[in-house]
Amino acid sequence: MTEEFMRVAATSEIQADKMKMVHYKGQVICLANIMGKYYAIRNTCTHMGGPLAQGKLEGHVVECPWHGSRFDLTTGEVKKGPAQTPEPVFEVKIEGTSILIRPK
Ligand code: FES
């Protein structure tokens, strides 16, 4: 079943090449603005739960602040361990100045 889109932030809340932690139905999400395009993956690192939105953003890759795992924000894929498991990815839609997401 496809889940519904929910508004999680305003576009003005995330500057270019920055990330923000948002919530979708009890899940914590890392929302990123990469050169004006928005991407969302789960915020909780699949290694030991580090908060990805507090990590470093490099291009479309986020580095976990705890042990340096790297995830591709466009696919959720692990680019560098110690994490082994990809992050769930969310679909992002912009409506006016609102950012909406839903699980992919
Ligand atoms: S918790 Fe993210 S790399 Fe360990």
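Two strands pair when DSSP finds at least two bridges between them; strands are DSSP runs of E with at least two residues, numbered from the N terminus. The model is predicted, so local features need pLDDT of at least 70, side-chain atom pairs count only at pLDDT 80 or more, and totals for chains, interfaces and linings use all residues. Residues are numbered from 1 along each chain as its sequence is written, and side-chain values use heavy atoms, leaving out hydrogens and water.

Start with the open sheet: its four strands come in the order E5-E6-E7-E8, with antiparallel pairing. At the edges sit E5 (56-58) and E8 (78-80), each pairing on one side only. Now select E7 (residues 70-72), which pairs with E8 over two bridges; Phe71 has Val78 of E8 as its bridge partner.

Next, go to E3 (residues 27-34). Six of its eight residues are buried (under 20% relative accessible area, 1.4 Å probe, protein chains only). E3 pairs antiparallel with E2 (residues 18-24) over seven bridges, and His23 is partnered with Val28 in E3. In the hairpin between these two strands, look for Lys25, with a positive phi near 45°. On to E4: six bridges join E3 to E4, and Ile34 stands opposite Lys37. Met35, in the turn of that hairpin, has a positive phi of about 50°.

Finish at Asn43, in the loop between E4 (37-42) and E5. Is Asn43 buried or exposed? Asn43 is buried, with a relative accessible area of 4%. Leaving aside neighbours within four places in sequence, Asn43 has contacts (heavy atoms within 4.5 Å) including Met21, Val28, Cys30 and Leu52. Finally, a polar atom of the Asn43 side chain lies 2.7 Å from the backbone nitrogen of Ala53.

Terms used
Buried means under 20% relative accessible area, exposed over 50%, partly exposed in between (1.4 Å probe, protein chains only). A polar contact is a pair of N or O atoms within 3.5 Å; within protein, one must be able to donate a hydrogen and the other to accept it, and residues adjacent in sequence count only if both atoms are side-chain atoms.
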